[in-house]
Amino acid sequence: MTRRKVKLCYIADDSTRKTCFKKRKKGLLKKVRELSTLCGIDVCAIIYSPYNNQPDVWPSHHGVQRIVSQFQRMPEMEQSKRMMDQHSFLKQRIRKSSDQLIKQRRDNSEKEMTEVMFQTLVGRSLQPFDVIDLNDLGWTIEQYLKDIHKQQSTNNRMAMMAGSSSSSTTTELLAPTPPQPPAPAPAPTPLLDHGVMRNGGESCQTVASSSGGLDQIEKQPWFMNLMSPQASFGGHDMMLPLGDTCHTPLWSNNFQP
């Protein structure tokens, strides 16, 4: 349950006033002690009341005298910097109350002119209003028009942003996919020169054209098959000359069993 706001005014009932004094004095001394302990500052309290012959002091008479002496050694400007007597307090309260009254009158006038503005839309006459009321009504209408234009500008801006974002998304979806470039053709695999005939049988090359050619040939599986004791060709067993696939005058074209 929230604590209700207390009206700051003099309590007329004696017993209620005395009870309130005792509660508030106890709370004030507690706050002073907490302020001194938590913040580590020099603070004291002197409370006079019609209910006690001696004033209530905190923390002690010696502590109060020390703090008062320290205060008196300060310059006069520093002493009266934040000091407030009863006259200053009442003056401050009157100024705050006047400001609140002016603000409340302004709010009431604005609400009244707003109601008049909506009533004129349904045919209410402006005959009983004077010049001041008409000026207030005109100011209220201008404020409402400004708010309307501001809201319209905000809505248009948001609509344009939404339209631009949707159009960009549609363009991205409808944009054709660029054709992919054709893959490059694989490089031709270099063939080893195994003594095949070139230029229509007019010339023939050797099996190995360099010092490392024979080693490359020996690594081929067909060479290992040829190196087997016998190879079957056409159903007849025969021995082939090593690496010679060219027709030379040293070999006859006819097969001799």
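## Exercises on a predicted model

The backbone oxygen of Arg93 is 2.9 Å from a polar atom in the side chain of Ser97. A polar contact is a pair of N or O atoms within 3.5 Å; within protein, one must be able to donate a hydrogen and the other to accept it, and residues adjacent in sequence count only if both atoms are side-chain atoms.

The model is predicted: local features need pLDDT of at least 70, side-chain atom pairs count only at pLDDT 80 or more, and totals for chains, interfaces and linings use all residues. Residues are numbered from 1 along each chain as its sequence is written, and side-chain values use heavy atoms, with hydrogens and water left out.

### Exercise A: Ser97

**Task.** State in which helix Ser97 is found and whether Ser97 counts as buried, partly exposed or exposed.

**Solution.** 
- Begin with the helix: Ser97 belongs to α4. Helices (H or I, at least four residues) and strands (E, at least two) are DSSP runs, numbered from the N terminus.
- Next, take the accessibility. Buried means under 20% relative accessible area, exposed over 50%, and partly exposed in between (1.4 Å probe, protein chains only).
- Ser97 counts as partly exposed because its relative accessibility is 41%.

**Solution.** 
- Most residues other than glycine have a negative phi.

### Exercise C: salt bridges

**Task.** How many salt bridges are there, and which parts does the pair Lys25 and Asp56 tie together?

**Solution.** 
- Apply the rule: a salt bridge is a side-chain nitrogen of Lys or Arg within 4 Å of a carboxyl oxygen of Asp or Glu. The count comes to 3 salt bridges.
- Asp14 pairs with Arg17, with the closest N and O atoms 2.6 Å apart. Both residues lie in helix α1 (residues 14–39), 3 residues apart, about one turn of the helix.
- An α-helix has 3.6 residues a turn, so residues three or four places apart point the same way.
- Asp14 is exposed, at 51% relative accessibility, whereas Arg17 is buried.
- The side chains of Lys25 and Asp56 form a salt bridge at 2.9 Å, N to O. Since Lys25 is in helix α1 and Asp56 in strand β2 (residues 56–58), the pair ties together parts that are 31 residues apart in sequence.
- Asp42 and Arg66 form a salt bridge in which the closest N and O atoms are 3.9 Å apart. Asp42 lies in the loop between α1 and β1 (45–47) and Arg66 in helix α2 (residues 61–72), so this pair ties together parts 24 residues apart in sequence.
- Asp42 is partly exposed at 48% relative accessibility, and Arg66 is partly exposed at 42%.

**Task.** Is Thr140 buried or exposed, and which residues does Thr140 touch, not counting residues up to four places away in sequence?

**Solution.** 
- Thr140 lies in helix α5, and Asp136 lies in helix α5 too.
- Thr140 is buried because its relative accessible area is 3%. Asp136 is partly exposed, at 27%.
- Contact means heavy atoms within 4.5 Å. Thr140 touches Met113 and Thr114, not counting residues up to four places away in sequence.
- With neighbours within four places left aside, Asp136 is in contact with Ser109 and Met113.
- The C-alpha atoms of Asp136 and Met113 are 6.8 Å apart, and the two residues are 23 apart in sequence.
- In α4, Met113 and Thr114 are among the buried residues.
- A polar atom of the Thr140 side chain is 2.9 Å from the backbone oxygen of Asp136.

### Exercise E: a surface patch

**Task.** Which residues form the nonpolar patch on the surface, and where does Val122 lie?

**Solution.** 
- Patches are made of residues with over 30% relative accessible area and no salt bridge: like charges are joined within 9 Å, nonpolar side chains (Val, Leu, Ile, Met, Phe, Trp, Tyr) within 5 Å.
- Accessible areas come from the Shrake-Rupley method with a 1.4 Å probe; for residues, only the protein chains shown count as cover.
- The nonpolar patch is formed by Phe118, Leu121, Val122 and Tyr144, which together have about 460 Å² of accessible area.
- Val122 lies in the loop between α4 (86–120) and α5 (131–174). Val122 counts as exposed because its relative accessibility is 72%.
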